[in-house]
Amino acid sequence: MTNLIVLPMALPIIIGIILIFLRPYIKTQRAITVIGLLTTIGISGYILQSVYTDGIMRLDFGGWQPPFGILFVADSFSAILVLVATIVTLICTIYAFSSIGREMENMYFYSFVNFLLAGVNGSFLTGDIFNLYVNFEIMLLASYVLIVLGGKKMQLRESIKYVVINIISSWFFLVGIAYLYAQLGTLNMAHISQLISESGQTPLLTITSLVFLVVFALKSGLLLYFWLPGSYSAPPTAVAALFGGLLTKVGIYSMIRVFTLIFYHETQITHLAIGILAGATLIAGSIGAVAYKDIRQIVAYNVIIAVGFILVGLAVMTQEAFEGSIYYLMHDMIAKSLLFLLAGTMITVTGEKRFDNMSGLIRNYPAFGWMFFIVMLSLAGVPPLSGFIGKVLVGQGAIEAGSFILLALAFISSIFVLYSLLRIFLNSFWGETIISFEDEIPLRKGWMVSFGLLTILMFVLGLGAEYFAPYVADAAYTLMNPQVYIDAVLND
Amino acid sequence: MKINNVILRTVTKLVVFIILTLAVYLFFAGHNSPGGGFIAGLVLASAFVLLFIVYDMETIKNAIPLDFKKIAALGAFLAVGTGFGAFLFDVPFLTQAFDYFQVPFFGEIELTTVTIFEAGVTLAVVGVVVTIILSISEDV
């Protein structure tokens with residue numbers, strides 16, 4: 001049934017609304033959220049499998065045929081990201097159960113987590129560029145609430161920056177859409193793509209594409225990341241992990257979608273620009289990651305490095321590079337959430353923000369320490385963990401395309417990732433214990449469960465790379481051949 | 001601060017009903033001509049806001065004991081819920097249906113599922129607008 005592909009967005013929305021009525025009943029809210037997310041995970045898995053067997057699925061809302069109506073399109077790329085995003089949300093929510101506190105749970109916290117997920121999944125699934133904007137707004141509105149919930153001074157300060165920068169970028173987004181609509185008279189992404197390939201990508205269209213590049217660069221933190229480290233260190237740990245895992249990824253997804261499906265004719269301008277931006281992001285992110293002693297800043301700069309790395313795949317535009325980018329996107333959603341959760345927990349148990357004020361944590365929390373070690377190796381790309389296969393494939397693609405500078409930057413940045421996290425590990429986990437066993441804050445079961453699940457997922461993605469290969473290859477094939485997507489939408 | 005503004009209060013008592021009637025008119029007009037759930041919601045909300053301004057908040061909260069946040073949620077639930085109706089009939093999400101019915105006294109009228117959706121929109125708009133204005137006024 002085609003209606004299935006609206007559920008990853010519609011289900012979280014309806015659950016979020018129901019939770020508003022259940023405001024005083026926190027336990028019920030938690031149960032409904034978990035059940036709803038598990039159902040969504042099941043549905044997303046089913047969608048991924050049926051896209052793989054039966055080809056791209058589409059749903060025309062209200063029965064309006066494309067290109068006139070709004071539609072959802074699920075190809076393998078979207079389906080993979082929806083699945084991973086929902087899993088990450090579930091795990092961050094489990095962490096939130098025992099960390100977020102009654103006060104925030106009472107202020108519609110779970111509703112807004114559900115709305116956030118709805119916006120994220122909607123952005124991944126939509127096939128209409130204005131609807132993409134709307135889904136971005138749903139996601140951002142939920143994130144505005146989540147970033148400010150709790151109302152600490154730092155949160156208020158950072159949220160003003162965050163809201164302003166996102167409103168400005170959304171305005172640019174709207175302007176870009178208006179330019180596009182003025183030139184082509186359609187908003188359906190497949191139809192836009194078809195019209196451009198028929199009439200050629202005129203200089204005006206290329207300029208419009210650069211407007212989109214700026215918008216998505218702001219949203220994903222590609223070089224224009226100045227707002228990111230501050231905003232991602234302000235909210236509570238569970239929310240920061242959700243942001244780090246999901247929000248920039250939506251920007252990356254949109255950039256990959258727009259520059260593979262619509263603006264792929266003038267690659268010497270647009271993709272060169274993306275390549276330069278990605279390279280600059282890798283350099284600046286690497287410098288940022290080693291420049292700070294505040295753990296949350298370091299972790300936030302690691303997000304930025306990953307953005308640069310994934311978009312190297314888009315800049316070189318080969319099948320292998322896209323496969324690598326998709327693997328790395330999946331890996332990064334999982335690993336960055338885990339990293340944010342671990343960093344936030346370190347700050348909770350020690351009460352310190354700088355790693356040089358912590359020491360000897362591994363004696364107090366051995367399992368916790370080793371999980372930090374594992375995520376560090378995974379982010380650095382050590383096999384058999386999940387970061388490895390993505391890095392290899394992006395590297396392979398870069399070699400094929402002859403972009404040796406990007407290749408070098410991408411791999412040197414991995415060393416910086418390793419160094420920045422190793423510094424945290426050596427300083428805060430080794431050495432003299434500063435927390436005596438009597439003062440030790442015990443790690444809650446919910447925390448360990450969420451860390452454990454994410455660590456297991458990293459192993460699953462790393463060791464089971466072969467199992468995911470056909471899905472990823474299918475997704476990369478659709479990205480390389482936009483005609484497949486267009487045929488599924490318009491000529492079906 | 002207590003302002004005894006007799007003229008404003010008397011006028012408001014009358015005007016609120018005119019505004020409410022206009023809101024209902026706009027709501028139903030929206031089906032085929034300018035108007036609709038969103039506009040009706042704004043007009044309805046303006047009636048509530050006028051009441052809150054002219055009388056004090058306590059009086060109105062006693063007279064209309066509604067949690068406007070819940071009203072917004074109820075509206076959103078209705079609007080999304082009509083979408084889910086599509087699952088029952090196995091048609092694409094958000095498909096609308098309409099038919100003509102013979103009703104005594106009124107004659108032939110058109111009933112549509114869009115009206116339910118629009119009612120949801122109206123409630124959501126009323127809820128959100130009033131909640132925003134009330135929370136801003138509480139802040140100061």
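The questions below set values against definitions.

Mentor: This is a predicted model, in which local features need pLDDT of at least 70 and side-chain atom pairs count only at pLDDT 80 or more, while totals for chains, interfaces and linings use all residues. Residues are numbered from 1 along each chain as its sequence is written, and chains are lettered from A and ligands numbered from 1 in the order in which they are written.

Trainee: Why is chain A called as compact as a globular protein of its length?
Mentor: The globule rule is 2.2 Å times the number of residues to the power 0.38, and the radius of gyration is taken over C-alpha atoms. For 492 residues the rule gives 23 Å, and chain A has 21 Å, which is close, so the description holds.

Trainee: What makes α14(A) mostly covered?
Mentor: A residue is buried if 20 or more other C-beta atoms, placed from the backbone, lie within 10 Å of its own. In α14(A), 29 of the 32 residues are buried. For chain A as a whole, 59% of the 492 residues count as buried.

Trainee: How do you know what span to expect of α14(A)?
Mentor: The expected span is 1.5 Å times one less than the number of residues. Helix α14 of chain A, residues 319–350, reaches 46 Å from its first C-alpha to its last, close to the expected 46 Å. Helices here are DSSP runs of H or I, at least four residues, numbered from the N terminus.

Trainee: Where is the kink in α14(A) centred?
Mentor: On Asp332(A), with a kink of about 25°. The bend is the angle between axes fitted to the seven residues ending there and the seven starting there.

Conventions. Buried ≥ 20, exposed ≤ 12 C-beta atoms within 10 Å, placed from the backbone. Helix = DSSP H or I, 4+ residues; strand = E, 2+ residues; numbered from the N terminus.
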